[in-house]
Amino acid sequence: MSLAPGSTIGIIGGGQLGRMLAVAAARLGFRTIVLEPQADCPAAQVANRQIVAAYDDTAALEELATASDVVTYEFENVPVGAAEMLVARVPVCPPARALEVAQDRVTEKNFLNGIGIPTARFCPVDNDDQLTAALKAFDGSGVLKTRRMGYDGKGQRVFRNMEAGGFAGTCEAMGNVPLILESLVAFEREISVIAARGPDGSVAAYDPAENVHREGILRTSTLPAAIGPTTAAAAKDAASRILSALDYVGVIGVEFFVLADGSLLANELAPRVHNSGHWTEAACVISQFEQHIRAVAGLPLGSPDRHSDCVMENLIGDDMLKVPALLAEPDLMLHLYGKVESRPGRKMGHFTRISRRS
């Protein structure tokens, strides 16, 4: 059953993704209410209303459920308990199960492997002795990550060609939290697929984007990716299998490593609209944000086809100084997030250069 125009969509999280979801919802005639502890957050600047409270505030969640016809979220670290509490009162999309899977890197990789999607080798790590053993198994190299809460390169440490042993204090330095060691992957490039699934099980997958990261932060996404059609089809198929296995409703982002032979290893999934899908607002008729609103509102999914090739680039920190020059360029869409303070490593906006496909 689809929502009627004028219905209200609740959004947990008030960052730039929530902002872009609220804009897309307004274009389709929906109202939005944002739950976010930071007053005047980017999403609140364009939403109809904000509840200023913590994400696990029981009274605030009750208020959100009462005011909303459906609730969604813009980041994967929403407390699972909050989502489960809401489900008893109002539909929540994507489902809480997607949060459970995505919030723990070990759970996520076990899930992916369990549905036949390969990943890098990995070992759970809870202490320095386990780290030593895991590094020995991985020939002294790997990426040590926190199992929960890491993003944009935070909570990570890379080991390369190190002798196993002598890592006393590493786990303490990482916060004495559950960790995971992932083997290093000799990949040729990184790609991601943005895909959506509706309540009726229909799936729409966008073309894979080729991504470049620096210091753990996405810098550019380029379409088309330098991959063959078989690799592109495999990435879309993997995303579709993930959506079906989770009984998912909404947009998901799935990141992959592309190996020399064109085969794929899944890196991680994000149960939300995704930074590497921002290009869709400039190069497609239906952006990932509108697609997500369509899905959670029970509307037919739109076409994921793109009319243009493009390069999306994030504006990070002092990149904001480029804005006047960018505004003078033809065939460029600029999107700023309404953040007052520019800090190193902070995403302030993005822009997409397009070239029409012949």
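Residues are numbered from 1 along each chain as its sequence is written, and side-chain values use heavy atoms, with hydrogens and water left out. As the model is predicted, local features need pLDDT of at least 70 and side-chain atom pairs count only at pLDDT 80 or more, whereas totals for chains, interfaces and linings use all residues.

Two packed helices are described by the angle between their axes and the distance between the axes. Helices (H or I, at least four residues) and strands (E, at least two) are DSSP runs, numbered from the N terminus; axes are lines fitted to C-alpha atoms, for helices over the stretch in contact, and angles run from 0 to 180 degrees between N-to-C directions. Helix H1 (16–27) and helix H10 (288–296) pack at an angle of about 65 degrees, with their axes 8 Å apart. That angle makes H1 roughly perpendicular to H10, where angles under 35 degrees count as roughly parallel, over 145 as roughly antiparallel, 65 to 115 as roughly perpendicular and the rest as oblique. By class, the contact of H1 with H10 has seven nonpolar, one polar and two charged residues (Ala, Val, Leu, Ile, Met, Phe, Trp, Tyr, Cys and Pro count as nonpolar, Asp, Glu, Lys and Arg as charged, and the others, Gly among them, as polar).

H1 and H10 also contribute to the lining of the second largest pocket, as do helix H9 (280–283) and strand S16 (332–336), each of these elements giving two or more residues. The largest share, four residues, comes from H1. This pocket has a volume of about 190 Å³, and of its 14 lining residues the closest to the centre are Val23, Arg27, Glu281, Ser287 and Phe289. (On a 1 Å grid over the protein atoms alone, a pocket is an open set of points where a 1.4 Å probe fits, with protein on both sides within 12 Å along at least five of seven lines; lining residues have an atom within 4 Å of a point. Grid points are joined across faces, edges and corners, and a volume is the space filled by probe spheres set on the points.) The lining divides into eight nonpolar, three polar and three charged residues.

The axes of helix H2 (residues 58–67) and helix H3 (residues 80–87) come within 10 Å and cross at roughly 40 degrees, which makes H2 oblique to H3.

Among backbone features, a cis peptide bond joins Cys93 and Pro94, with omega about -5 degrees.
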